[in-house]
Amino acid sequence: VIAVAIDDDPEVVRPFTDGITMPVLVDREHLLTELYAMSNVPTVVWIDERGRIARPNSEAFGTDTFREFTGVEASRHLDAVRAWVRTGVVDVEVDDSDDVVGDLSDDEVRARLLFRIGAHLHRAGDAEGAERNLAAAVDLAPMDFTIRRAAMPLRGLDPFGEPLFDMLAEWEEAGRPYHGLAAERTDDP
Amino acid sequence: MTTITVLADHESTADAEVVGDRVLVAPGELPRLLGWTLKAQGLCQDDVCVPLWDRAAVQPGGDAGERVDLLGVAAALGRPAAFDDRSGTLAVGAPVELRRQALAGHTAPAFELPDLDGVLHPLEAWRDRKRLLFAFASW
């Protein structure tokens, strides 16, 4: 397991890694969300021994900590991972990852570049420049959590408060857009 | 002349002149900023050259030695770019077609990222093994 924090500051990540032995990398430029077309966390990708994507972007949790909130059980994915490690058998058949993951739109790509500029200016202490670029990024990709929610702490907004609930309402309304396999939810009809 | 920041494969700064929507730098700066060299046959990296069908889009002055437009170079390389002129910050993304082909062909795109102590690790470091890439965040 290689954990990658889509975060601006390694020191914010460090408390999450107490007692963890897996490698933890920090992706402050959001390279992964561009290269792998990720639009939210947690997202997992299975990569086989030959460097092939065995199972594309999927929503999955390591524990049931947020189960009541997300409606996603961790065990289903964990069982599938164990079976894959033991037997090499993948639990979902994906012929065409274009259909599952889809491509980033031009706006989603541009939003990533503007986010990168905004985060850089935030680190450089240019609050106005950061806001200018982050706001423009959010306008281009309002349903992308790696843009809109990730920008919240950099814009002085609470990523667990009102701005998140506003975003979630819009995201539900839009049919929960996600680049990858959505997890089965226990509250799904 | 102004100092710009380039966020590409790594972060660097350069002297540039911004004219309209062009970001002009000395051609000798290209290898350092974007990893490519401007030659007669096009943009080159090691033994690979990308021909330039419209040289004026990359080098508006036309003559060898004239300054090159970083946005034109990015476009010629198929890389998306965004320039914030008020702060002089240019971000250059991954080549769009290579990224699309990799994902459509189920090939894991290569990357290299630092750990918490700043030590860089390429995805290749764990080759020949099954890897579960887990993206998470504090937000």
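**Reading the interface and the sheet**

Modeller: About 5,500 Å² is buried between chain B and chain A, and carbon and sulfur atoms give 63% of this area. The model is a predicted one. The size of an interface is often given as the accessible area lost when the parts come together.

Colleague: How many residues of chain B are in contact with chain A?

Modeller: The contact involves 46 residues of chain B and 72 residues of chain A.

Colleague: What confidence does the predictor give the complex, and what average pLDDT does chain B have?

Modeller: Where pLDDT is low, the predicted coordinates should not be read in detail. For chain B the average pLDDT is 93, and 100% of the residues score at least 70. The complex as a whole receives an ipTM of 0.94 and a pTM of 0.93.

Colleague: How many salt bridges are counted between chain B and chain A, and how many residue pairs are in polar contact?

Modeller: There are 8 salt bridges between the two chains. One of them joins A:Asp106 to B:Arg100, with the closest N and O atoms 4.0 Å apart. Polar contacts across the interface of chain B and chain A link 26 residue pairs, both residues of each being at pLDDT 80 or more.

Colleague: Which elements of chain B each supply at least two residues of the side that touches chain A?

Modeller: They are the strands E1, E8 (81-84), E9, E10 (112-114) and E12 (131-136), together with helix H4 (96-104). E12(B) gives the largest share, 6 residues. By residue type, the side of chain B that touches chain A divides into 25 nonpolar, 9 polar and 12 charged residues.

Colleague: In which sense does E12(B) pair with strand E1 of chain A?

Modeller: Strands of a sheet pair through backbone hydrogen bonds, either parallel or antiparallel. Here strand E1 of chain A (residues 2-5) and E12(B) run parallel, joined by 4 bridges. Within this pairing, A:Val4 stands opposite B:Ala135.

Colleague: Where is A:Phe160 found, and which residues does it touch?

Modeller: A:Phe160 lies in the loop between helix H8 (148-151) and helix H9 (162-173) of chain A. Leaving aside residues up to four places away in sequence, A:Phe160 touches A:Arg149 and A:Phe165 in chain A, and B:Ser138 and B:Trp139 in chain B.

Colleague: Let us turn to the sheet of chain B. What is the order of its 6 strands?

Modeller: The order is E7-E3-E2-E1-E9-E8, in an open sheet with mixed pairing. Strand E7 (68-69) and E8 of chain B stand at the edges with a single partner strand each, so one side of each has no neighbour in the sheet.

Colleague: How does E1(B) pair with E2(B), and in which sense does it run relative to E9(B)?

Modeller: E1(B) (residues 2-7) and E2(B) (residues 11-19) are antiparallel, with 6 bridges. They form a hairpin with 3 residues between them, and B:Ile4 has B:Ala14 as its bridge partner in E2(B). E1(B) and E9(B) (residues 89-92), by contrast, run parallel and are joined by 3 bridges, with B:Val6 opposite B:Leu90.

Colleague: And what joins E8(B) to E9(B)?

Modeller: These two strands run antiparallel and are joined by 4 bridges. B:Asp84 stands opposite B:Thr89 in E9(B).

Methods
Residues numbered from 1 in each chain as written. Chains lettered and ligands numbered in written order. Predicted model: local features only at pLDDT ≥ 70, side-chain atom pairs only at ≥ 80, totals over all residues. Heavy atoms only, no water. Pairing = 2+ DSSP bridges. pLDDT = per-residue confidence, 0-100. Contact = heavy atoms within 4.5 Å. Buried area = accessible area lost by both parts, 1.4 Å probe. Salt bridge = Lys/Arg side-chain N within 4 Å of Asp/Glu carboxyl O. Polar contact = N/O pair within 3.5 Å; in protein donor to acceptor, adjacent residues only side chain to side chain. Nonpolar A, V, L, I, M, F, W, Y, C, P; charged D, E, K, R; others polar.
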